[in-house]
Structure formats: C-alpha cells, structure tokens
Amino acid sequence: AEAARRTLMEFSSVAETGQLGRTAKAPSSGTAFSPKLRRTVYDAMHRQELPGREVRAEGSASTGDPAVDETYDGLGATYALYEDAYGRSSVDGAGQPLLATVHYGRDYDNAFWDGAQMVLGDGDGEVFERFSKSLTVIGHELTHGVIQYTAKLVYQDQAGALNESLADVFGSLVEQKLLGQTAADASWLVGEGLFTPEVSGSALRSLAAPGTAYDDDVLGKDPQPADMSGYIETTSDNGGVHLNSGIPNHAFYLASVRLGGYAWERAGQIWYDTITEPNFPADCTFPVFAAATITAAEKRYGAGSEESSAVQAAWQEVNVMV
Ligand code: ASN
Ligand code: ZN
C-alpha cells in the first residue's frame, strides 16, 4: 500500500530523469490499422532492465498474455487517435515504432514513458492491478512521448501540470474515440480498472469531477483541485504536477461538453493545435496556455466562433484568467 500511495501522490519524474538517449531495437515492419503503425511489446520478466525480451511484433498473433495483448491493442488505439484525428504518425510525427515493456519489476505500481518507450508494471495486486488494464493509462504515457516531440513542457510546476493534463486529456480521448463516445457519454476517467476490488474508487483521476475519483481508507481521498481556488503549492511531485493537472483537465472537460459531440474533434483539435504551435513555450503557465488555446480556436474556427467562446468560458469557469 505504501508504494501504491506513492504512485498516487508522489510520482517521481521518470520522464525527466529516465533513460533518455537509450536506443531501443527497431522492430520489423508490418501492417495493421495503418501501414505506418509498427508496434513491439517486450517482457521484462519482472526485472527492471529495458526493453526486455521481444514477445509480440507488428502483425503477429495474440500471445494469450493479457498484459502483452492489452498493451499491443492500446498502442494501436493510441496511434489511431493521433493519426485519424490529427494526421500525426506516431509519437514523433514521423512514424517512430511504438515500443512497450510489460511485467516491469515486481509488484510495480506505476507506468511511465522513459523518453524512448512505454513501461508498465503489474501492480502489487492489493491496490493496483496490471497497468495495461487501463487504455487511458496507455494513452497517457504515449502522450508524454508526443509532448516530448511537440510542446516540450518542462516537468515542473504549472508547465508540468499542463504536461500531466495533456497526457490525461489525450489518454481519455484515445478511449473515447475507440468506444465512439460523445463528450456527454464518456466516463472522463483516467486509470479506470486499475484498482483492485479492495479499493473504494473508480479510477486514478476524473476530468469531469477532479477530486472525486477515489475515497479510500488506505489511499485517502483524491486530492485533485478542479479550479484555481484549490491550487496546491507544494515542492513534492515536481510541484504537484499530478495534482494541479486537475485544473486544466477540468477546463478541457468543460469546453468539450459545452461544444458537444465527439471531444477529439473540436476541443481535442484545438488542444492539439496549441501544443504543436512552433513557438509554444516549454515553461508555459496556465494563463499562457489558456490564451494559446483561444488563439488556436480563433485561428482554426474563426474569431467569435462557438469554439473560441466555449474554450474561453471553460477557462473562466476554472478561474484561470486570460
Ligand atoms: N505514471 C506517471 C506519469 O506518467 C509516472 C511519472 O510520473 N513519470 O505521470
Ligand atoms: Zn504522466
């Protein structure tokens, strides 16, 4: 439970300090959804060496190991969101093979992007189940890869919370698109299905209602704020990057429900346009990000458009002033 608490409260910034620059073996190409999609799943066999043994390459059959097969499918669903909705090929925008390692470590209560690949633990079985159970977690981790090649947001304070929020937003959109859900129908949960039945909670985080994803005797209550009145000043978790992300998360949710329809289409497009702006600042604050989303909405849909108004109203509702 101690490790599980750390996963919830005090994430170490593996994305920052991790094994950047390590070159992973390129997989053989194949065909699936897109001819450009190339996935490889590795098995760490409970060690902490990456990438581990190759167990499933693009186009090969199911292995029967749920961790491997869920991960393979999750890589495909994430690739599909970025390519179909935004015309982006893979995390780097240039068709980079998608690599993932499962069965990382023992009782490992986390998942991460290490700068070159995704890594998923099996969970301790008391608080967390295997992390591949959650498609939104897979979408979240791969989006850290997309951010690495686009907005390059610093993993600290408000920029770090925006980095975390974008990972949650697009992680949720991966699932919404796969399931064909409108903004009104979506769960807006990140990490659904991760908790064992022992835990009182539905997911790690909620974009619809930050602060309500879980309330458990052992884990405590979901600490996320939903607006600036609850902004948390802290030095842990890189300045509360997994906490204050609730604020931009909720702004995205509010803009999406205001617009209606599929959230990946207009709200998601505006957020994607924002992070792919060539001059996007890596040290972006919430107000600067909010203004950038409004500019992106005006650019794509017009000044005074329904889209720019919805985005502006959403930021006002969470008390981020632009
Ligand atoms: N699961 C965490 C995340 O992706 C791990 C980390 O903080 N690096 O945010
Ligand atoms: Zn993250």
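A residue is called buried here if 20 or more other C-beta atoms lie within 10 Å of its own. Keep that in mind for strand β3. What you see above is a predicted model.

I'll start with strand β3, residues 98-104. By that cut-off, 7 of its 7 residues are buried, so the strand counts as mostly covered.

Now its partners. Which way do β1 and β3 run relative to each other, parallel or antiparallel? They pair in the parallel sense, over 5 bridges, with β1 spanning residues 39-43. One pair to find on the screen is Asp43 and its bridge partner in β3, Val102. Strand β5, residues 118-121, is also parallel to β3, and 3 bridges join the two. There, Tyr104 stands opposite Gly121 of β5.

Next, the annotation. The UniProt record, an unreviewed entry, gives "domain: Peptidase M4" for residues 41-148. Within that stretch the chain is 32% helix and 20% strand.

Last, the overall layout. The protein is divided into domain 1, residues 2-149, and domain 2, residues 157-317. Their C-alpha centres lie 21 Å apart. To the contact between them, domain 1 brings 28 residues and domain 2 brings 32 residues.

Which elements give two or more residues to the domain 1 side? They are α1 (2-9), α3 (66-86) and α4 (135-149). Of these, α4 gives the most, with 8 residues. As for the kind of residue, the domain 1 side of the contact has 14 nonpolar, 9 polar and 5 charged.

Notes: Residues are numbered from 1 along each chain as its sequence is written. Chains are lettered from A and ligands numbered from 1 in the order in which they are written. This is a predicted model: local features need pLDDT of at least 70, side-chain atom pairs count only at pLDDT 80 or more; totals for chains, interfaces and linings use all residues. Domain bounds come from an automatic or database domain assignment. Two residues are in contact if their C-beta atoms, placed from the backbone, lie within 7 Å. Helices (H or I, at least four residues) and strands (E, at least two) are DSSP runs, numbered from the N terminus. Ala, Val, Leu, Ile, Met, Phe, Trp, Tyr, Cys and Pro count as nonpolar, Asp, Glu, Lys and Arg as charged, and the others, Gly among them, as polar. UniProt positions are given in the numbering used here, feature names are shortened, and annotations may be inferred rather than shown by experiment. A residue is buried if 20 or more other C-beta atoms lie within 10 Å of its own, exposed if 12 or fewer, and partly exposed in between; C-beta atoms are placed from the backbone. Two strands pair if DSSP finds at least two bridges between them.
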